[in-house]
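This report looks at two chains of a complex and at the places where a third chain touches them. It begins with the chain folds and then turns to the contacts.

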Amino acid sequence: MIPDLSLIVPELAMAVLGLMVLIFGLIIPRGSRHGLGWFAALALLGVTGLVLAGWNNGGNLYGNLYVVDQFSQFFKITFLLAAFLVVLGSMRYVDRHLGGQSEYYSILIFATLGMMVMSSANDFMTMYLGLELMTISFIILVCFRRLEAKSLESGMKYVLLAGMSSAVLLYGLSLVYGITGTVVISEVGKILAMRAPLPLLMLGVVMLVAGLGFKISAVPFHMWSPDIYEGAPTPITAFLAVGSKAASFAILIRIFVVGMFGISLNWELLLAILAAVTIIVGNLVAIPQTNIKRLLAYSSIAQAGYILVGLVTASQDGVKGVLFYAFLYVFATVGAFTVASHFYNVTGSDEIKDYAGLAQRSPLMAAVMVVAMLSMAGIPPLAGFVGKFYLFMTIVENYLWLAFIGLIMSMVSVYYYLRVALVMYRNDPLDSTPIAVSAPVTVTLVVAMAVTLFLGIYPGPVAEVVNNAAHSFFMH
Amino acid sequence: MLSDWGAVFLFFVAAVIFSAGGVVTGFVLAPRRTTAQKVTTYECGVDTIGPTWVQFRTSYFLYALLFLIFDVETIYLYPWAVKFQSLGLFAFIEMIIFLFILIIGLWYAWKEGALEWM
Amino acid sequence: MVEFAMHNAWLVPLLPALSFLIIIFLTKPWKKLSALVCVAGMVLSCVIATLAAYGVFTNHEFTEKPLVYSVRWFSMAGLNIDVGVQLDPTSAMMMFMVTLVASLIFIYATGYMEGDPGYSVFFSYLSLFGASMLLLVVSSNLLQMFVAWELVGLCSYLLIGFYSHKISAREAAKKAFITCRVADFGLLLGLLSLQIVFGTLNLTELAEKISHFEQYTTMGILTLIALLVFAGPIGKSGQFPLHVWLPDAMEGPTPVSALIHAATMVVAGVYLVGRTLFLFHEVPTAMELVAVTGGFTALFAASIAITQREIKRILAYSTVSQIGYMMLALGLGSLTASMFHLWTHAFFKALMFLCAGSVLHALHHKADVWEMGGLIKKMPITGWTFVVGGLAIAGVPPFAGFWSKDEILLAAFDTGHYVLFGMAALTAFMTAFYMWRLIFLALFGDEKPENHPHESPLNMTLPLIALAVLSAVGGLVGTPWAPFWQEWIFFGHPHHADPNYLIMIGSVVLALAGIYLAYNLYCADKTRAKAHALAERYRFFWTVSYNKYYIDEIYLWFNHTFIDGAARLFYLFDIYVVDGVFVNGIAAITRLSGEGLRVTQTGRLQNYALVFFLGVLAVAVVLAFTDPSTAAGLTGGVK
Amino acid sequence: MLTLSVSLHHYLILAAVLFGIGLFGVLTKRNAVAVLICIELMLNAININLLAFNKYITPNDFIGQIFSIFVITVAAAEVGVGLAIVIAIYRNKLSVNLDEFDWLKW
């Protein structure tokens, strides 16, 4: 009767951790909760260790409802690292602008838990629960600045649009369930492999694409993301851009590459088109932006498009590319957003023009920003280049046009990324007071930059790991 | 591709088109001339007195929220209670943990003063 | 111990790299410490290199199959790139030589750079250079080698321009960098085509595949590749016609000239050709070209060196000419001779540069040899070590230069290249002449009253002595009677050319003749009337030679007339057509479309919802129109 | 289809209609609370779907029912958060009219 819980120790640990942080908040008086950040960060590292410890013993629980393989574990590590970096980078921000440390950190942990569940979920219910756990946590986090009108507005938009999108997603899931008579994704895959696609099933697929497209902010389901990204507290924006996106990609891969594999011909081209449109719109709209967070929001839309490319072929190489890109994307994005949030801490501004002369005020921040952005633009020898390389290699023979679009649009992206770089390096600062960078932020920035550089210069090992993960994904 | 399932598909498409179309056409066709008369609420021809929106205090909402949460959670208690015998100890422990989490929630709400009437 | 060194030879480049990082990030403010870190790193890797070399030179199988170990750097379908170490007698010798000379020169530099504002930076550059050079030496594949190649180029750029307050230094640095870029472009093309044709850049695999290249490509292509690859060495090793940068490179601090532009970097070209000799060996044309280039450069540079006045310039041109020797040997297919000369040359040329440096140090950077004289009395160590170097380079037995030069002459003679042999012999004579001209003018004769020379400090003279010893005995490893060298470093199979006493004696005679002539002209008669008379009589040749055959001027003129003209044309084209129409036009279009799309973001929640559902519809439509049949049509039939 | 017996289609059509109505509300209602309610409508349409499928497709196990229970609770949680935000934003702006929330744009 009692299932083997050893596989989900990290998840249990996260749940307990989240509750603990909340209870600490209830016990510890308001003034003295600054330690919670450190506690949460270290605990997250610990959980990462747990995942790594269980790296090799995969398996599934509850009659294959919950799969623990290297694929999901790689994603879990990605989420945990992202959460760790975000927590480190946001301590100062929380103490200064948000307050309510215990709620903040515990909800952040629960959001991470939701992502972890998503990455291993092998049935629609578990998947949906993970998804909603993540989404609701994010909704709360997005409007965490209760007195900031922008934050509230973005929260409002997020809750309504997210609710709507998840309704659509659910409708699609219910239809798929109705067609196949099961909610276990691998079962669905088996059944669909044999059966010709019914129109109703196609309707379901449409809704799945829409619902998940909303989560990964693929055009035309992206409208929410720039506003929410701008309104949300910056560290949360970073986590939203990284975690929620990566997790949604995890389930997107599971549903489509496993569940819908039999009818892949029906959706391959659709995803290709989505990817193309997403890349184009994201990059184009990023150009005229004047607010750094909005710029990053649009660029992250474009990034989602790049990652989407990996799904098009529904192949092991594609999954490998997605995993690799998701991993490096974490560090680039968190680095950039951490710079943004710290800059906001000091100057209270998100406008790009205020970044003038940042290179003189804080060389580290400027350097990290540039490295992160160039990596996103895919300039060698940075990680982004290798990631894009892996992704686009999978489609060159069948979808060359998509590869071309990706290439051209990365050039376009260089244009607006470099604009920021120029502002930081060439313009003279308005006030040249140097910006002090606190220790945890420094750690975040240095880690982000180092990993981005390392993955670009020596992708070998990670590529190996990712390869195995993708392989394990195709095992069952 | 018109199987009988397809009917549903068409129906759905129609629904979406109607809803979307309503907004779009209204947005396109509606003239923008607004006079003082037009903006007043329509109340059987006579001018309205006082605010047309009777508003509750937000405290009601807070209570509603708490009630909602704790009320919905009972959904899980019923099936468990019905099948209590056959489910056995593990389920019992699980339910205890579940309730424990809820209690923490209550504790939090209390501590945050959601239960005071302000 | 030896085992460890051999299987961790990657430490050899790593240690200097580490000391570079340490200096840059930590010890920059403390000059002495930085210098110490730099020297320590190099000495340590010298120890490891020595051990590794010992291991290699005691186990004969490495001459057959080198010891290679590497890590996969980048891998994907159809493209695997490794980073690795290849240990064989050649690389082991090179490793040992470079680390040894570099250590000595670093020590020397601690004294020479005394009181320079950029002391720490200088040593960080030196470390970086050492690291890159050693990386180049140990590389197991050509791509890695190319990266290191560019790195050493960068270091030499930084170091030549070290006195960046001097315009001449900046100019020289730029000149060196650009000239090498031009050449490296060819090299890069060559490497790319190698990768494309043979699908690998690993030396061992390449050697194996090229040995039967007919399966992969035609003779013509291979020739082209070989020539492209050879372009790199022409630039880096200052062969004619790209030698122009090397003499100017003497603007750098003298230790740099000694290390980079005499002992190590400039011979990287020779080393590269030596490493890829299996390629050239398949292509007779290329071999001929290499040989001719080398022979001609040797003679050409020597003929310039005869009339130069600046001490370091003379040495620079002699370097060019000596490297010409090595290239010549390679072209004759004798890796043995070429590497042997590389080895001896490294010692005596480094020695002479350091001596020159010490002289300049003493005379506060007065470089004209005609204004020196009788220095040997005031600075005996410098003087006598210089004399040893002179004997070595002139090829007087038993000094190092003699044996290696003899190897080369022998190779030329045995392979029946009598013209080249003649050129080499003539060069030998001229070398002896100009080098001793320098020595007599600078060291002997009567002192100039305005000079107040003084012997340099110990940390400068000790390296001199060490190098002097090496250049005295360094050649004994490869005498015809004890052909140790020939048994270890060879291409294909070792060849034991039995000593040809005629050539040996001939070369000795030439050397002595040159020295005697120099003695007559510049030492015997204090007035040096004869020398001036000679110059007067052959006024034309003298001027031409003194102005280095006007090569620089020709290039300059060429640049001004053609390059600049073309550049201006392109510039206008760029401004008005490219920028005006394409770039700005496209940029404008992109920006406008961005703006256009931007306004769809109205901020109204329900417009977003509407767009969302229109999106749903769109997706539905797309799906309806891309059922498998159409999809197969559109995607070119996948699966 | 003309028989009066209730078949799967009827449920599905009912669900579709309900979904459409909710959707229409989401797109047209100007009041945040109303929009929340409309989202609830959509979710209930889904519940109908799930239960109908459970009844007709997999009558032997309760997947659909369990799923719908989860949907209900999660929906409750979502509405809870939504209302909380509405309250906060009302305190902040004294309005819940969605048209007034458009500072964040472009």
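In chain D, 44% of the 106 residues count as buried, where buried stands for 20 or more other C-beta atoms within 10 Å of a residue's own, with C-beta atoms placed from the backbone. The model is predicted, so local features need pLDDT of at least 70 and side-chain atom pairs count only at pLDDT 80 or more, while totals for chains, interfaces and linings use all residues. Residues are numbered from 1 along each chain as its sequence is written, and chains are lettered from A and ligands numbered from 1 in the order in which they are written.

**Chains D and C**

Chain D has 3 helices and 0 strands, in the order α-α-α along the sequence. Helices (H or I, at least four residues) and strands (E, at least two) are DSSP runs, numbered from the N terminus. Chain C has 29 helices and 2 strands.

The radius of gyration is taken over C-alpha atoms, and the globule rule is 2.2 Å times the number of residues to the power 0.38. For the 106 residues of chain D, a compact globule would have a value near 13 Å, but the chain has 18 Å. For the 639 residues of chain C, the rule gives a radius near 26 Å, and the 29 Å of chain C agrees with a compact globule. Of those 639 residues, 53% count as buried.

Two residues are in contact if their C-beta atoms, placed from the backbone, lie within 7 Å. Among contacts between residues at least 6 apart in sequence, 80% in chain C join residues at least 24 apart; in chain D, the figure is 49%.

**Where chain A touches them**

On the chain C side, 39 residues of chain A are in contact with 37 residues of chain C. The largest share of this side of chain A, 9 residues, comes from H11(A). By class, the side has 32 nonpolar, 4 polar and 3 charged residues. Ala, Val, Leu, Ile, Met, Phe, Trp, Tyr, Cys and Pro count as nonpolar, Asp, Glu, Lys and Arg as charged, and the others, Gly among them, as polar.

Towards chain D, 31 residues of chain A are in contact with 33 residues of chain D. H6(A) gives the most to this side, with 17 residues. Its classes are 18 nonpolar, 7 polar and 6 charged residues.

Conventions: A residue is buried if 20 or more other C-beta atoms lie within 10 Å of its own, exposed if 12 or fewer, and partly exposed in between; C-beta atoms are placed from the backbone.
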